[in-house]
Amino acid sequence: MSGGQGGQGSQPLLLANNVSVEIGGSCLLDNVSLDLLPGTVTCLLGPNGAGKSTLLRVLAGALTPSKGEVQFRQRPLGRPEELARERAVLSQSTTLGFAFSVVEVVALGRSPHVRQSSATLDRQIIEAAMAAADIAHLADRRYPTLSGGEQQRVQLARVLAQLMDGSGDVSGKLLMLDEPTASLDLAHQQQVLAIARDFSRAGGTVLAVLHDLNLAASVADHVCLLKGGRLITSGRPEEVLTADMIEDVFAIRTAILDHPGQAIPLVVTLPSANEKPSGQSEARFVLN
Amino acid sequence: MAGAVEATIDRASHPTRRAIVWPKAMGPSVLLALGIALVFCFILSIGWGAIAIPPLTVAAILLDAIGIPTGAEITLRDQSVVLAIRLPRALLGLAVGGGLAIAGAAMQGLFRNPLADPGLIGVSTGAALGAVATIVLGGALVGGLDPALRPFFLPLAAFIGGLIVTLIVQRIATRDGVIDIATMLLAGIAVNALAGALLGIFTFISDDQQLRELTFWMMGSLAAITWTSLLPAIGLILLPALLLPRMARALNAMLLGESEAHYLGFDVDRTKRMIIILTALITGAGVAVSGVIGFVGLVTPHLVRLAIGPDHRYLLPASAMLGGCLLLLADMAARTIVLPAELPIGIVTACFGGPFFLWLLARRRGLSL
């Protein structure tokens, strides 16, 4: 599949070709192909265990696929230290028990650039990344004393700092987000998605694993639906997020409404067809 | 919201951007203070003992020895006490204390656990096993050896014992060429227990003289050192200790987790292997020449983190310096408390280190350092 939308007919920044992952006899990814075009946001959606995180790890170079190959800028994924200057990954959760200050954690994002960057530039980038993630006021706090949502935003600032070079141009850079909104309140969920969108508008490429279909619809140029390790379909959100497709992938009934504010689909869940009347459904909590 | 975000991409200052309070970097000033403290402890420790020598005289003798004449009055007695007895002992204290502390700091970073210590990977118990085996089976083993080489035999057996046990633990924890740190922790505990049982067997079959010797060896001492056995040990401690700080950035990233370190461009597997090898060399060599000295490797990095935080670029060198200071101070106490006898230094470090560690725990509860 080739997006064709969003990008300007340019070469994909990242391309996965028939990627399969088998670990211990179980197939986590089955023949998945996709490409990420410069200047676009792509969302991976699917139920738990669909292989979203596995696919992200393969695309990020952390997991070597059993079959198939991944290309970054038309070349096989390079060595970790080279890749780290062009690609940053925000993981689902990062446990850090040691009492780094917030600034020190964000500064870790500059590690891949030690030889190329200067202390002054690093400082400016760290400040800009912290402002963008709305954590400037936490700068001198100790990381373990922050709330879960604050910690996640500090990690976001860290990955932004990893990809910025001070020029304002992030073309050729790939930002990968694995459930970035999971521990955030509503305002900060929107803010993370705004960062993702701005990153793509500045020429960068974003791949995000999300669970919330409506968040995905609001931010994505391109949506990929995964189920059981296979890529079921992909395309623009309004093409892909149909009631039939969602029922097929997630096994829930939904209705697709028109979003009151934007020209995007709004997915609402419906009670499942075989759900028992409410009086009987309480019986599941009764011991027999 | 999107406006604040554009500041990311376009670094130009943005009206809503708040000024950032950069925390004060304590690392450099703490390193400087520790450097001064180290020189002070070193000279004090050399002057300390039954024959007390004033610090200025010690400094004059040391300067004189490296070819810088000071014109100070130096008696032959003081000079020989300093150069033949006290100096190698103080250098050993510096090397072992500094080595154990920097190895402890690296281990705690590698295991992402502030309770890790260099002995966790089995190197201390392995070295003890090598030493005790030599003490108990010594007659048979050393019999045919050139008498000039005999003093080297026990440290060498200890050093090799430490490395062998570490390699066994590492081997158990390696799958598909990758060291699993959690498995290594558990394997270390199991292998330590096994080696402890073997130590028990050697203790059981030892005669009275051997029992006394191995018991004292297990409690650690800097007393037995001579220049000939000091130099190889210092080399084996110093070289890896100088290489460890090169892993500082990788260790910082590893604190976020192995995947994050990989995403930040570090070769995680190489980092793990290097740190295990370097700490095993340092600890093995330290235990080989001075016996088992506890708590320095565990407590020192904690103390340093209290002052400067967990940044390994400062933590590693600062731990080395503070560890050197602490072991010199402990040795001074060991030489003084039960005059004219000498207390094994391991008892001193445990006596001070144990309660101090408890105090740290009570004070910093909830915030692991």
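Helix 4 (residues 76–110) of chain B and helix 12 (residues 268–290) of chain B pack at an angle of about 150°, with their axes 9 Å apart. Helix 4 of chain B is therefore roughly antiparallel to helix 12 of chain B; angles over 145 degrees count as roughly antiparallel, under 35 as roughly parallel, 65 to 115 as roughly perpendicular and the rest as oblique. The axes are lines fitted to C-alpha atoms, for helices over the stretch in contact, and angles run from 0 to 180 degrees between N-to-C directions. Helices (H or I, at least four residues) and strands (E, at least two) are DSSP runs, numbered from the N terminus.

This is a predicted model, in which local features need pLDDT of at least 70 and side-chain atom pairs count only at pLDDT 80 or more, while totals for chains, interfaces and linings use all residues. Residues are numbered from 1 along each chain as its sequence is written, and chains are lettered from A and ligands numbered from 1 in the order in which they are written.

The crossing of helix 4 of chain B with helix 12 of chain B is left-handed. A crossing is left-handed if the near helix is turned anticlockwise from the far one by less than a right angle, and right-handed if clockwise. Residues of the contact include B:Leu92, B:Val96 and B:Gly99 of helix 4 of chain B, and B:Lys272, B:Ile275 and B:Thr279 of helix 12 of chain B. Here two residues are in contact if their C-beta atoms, placed from the backbone, lie within 7 Å.

Helix 4 of chain B also packs against helix 2 (residues 27–47) of chain B, at about 140° and with the axes 9 Å apart. These two helices are therefore oblique to each other, and their crossing is right-handed. On the side of helix 2 of chain B, the contact is made by B:Phe42, B:Ser45 and B:Ile46.

The table gives the contacts by class. Ala, Val, Leu, Ile, Met, Phe, Trp, Tyr, Cys and Pro count as nonpolar, Asp, Glu, Lys and Arg as charged, and the others, Gly among them, as polar.

| Helix 4 of chain B with helix 12 of chain B | ten residues | five residues | one residue |

Chain B as a whole has 15 helices and two strands. Its C-alpha atoms fill a box of roughly 80 × 60 × 40 Å along the principal axes. Of the 369 residues in chain B, 50% are buried. A residue is buried if 20 or more other C-beta atoms, placed from the backbone, lie within 10 Å of its own, exposed if 12 or fewer, and partly exposed in between.

Chain B also touches chain A: 39 residues of chain B are in contact with 49 residues of chain A. Helix 1 (2–9) of chain B is one of the helices that supply at least two residues of this side, and the largest share, seven residues, comes from helix 1 of chain B.

Two residues of chain A have a positive phi. Most residues other than glycine have a negative phi. A:Gln74, in the loop between strand 4 (67–72) and strand 5 (75–76) of chain A, has a phi near 65°. A:Gln74 counts as exposed because it has 9 C-beta neighbours inside 10 Å. A:Asp134 has a phi of about 60° and lies in the loop between helix 4 (119–132) and helix 5 (148–163) of chain A. With 22 C-beta neighbours inside 10 Å, A:Asp134 counts as buried.
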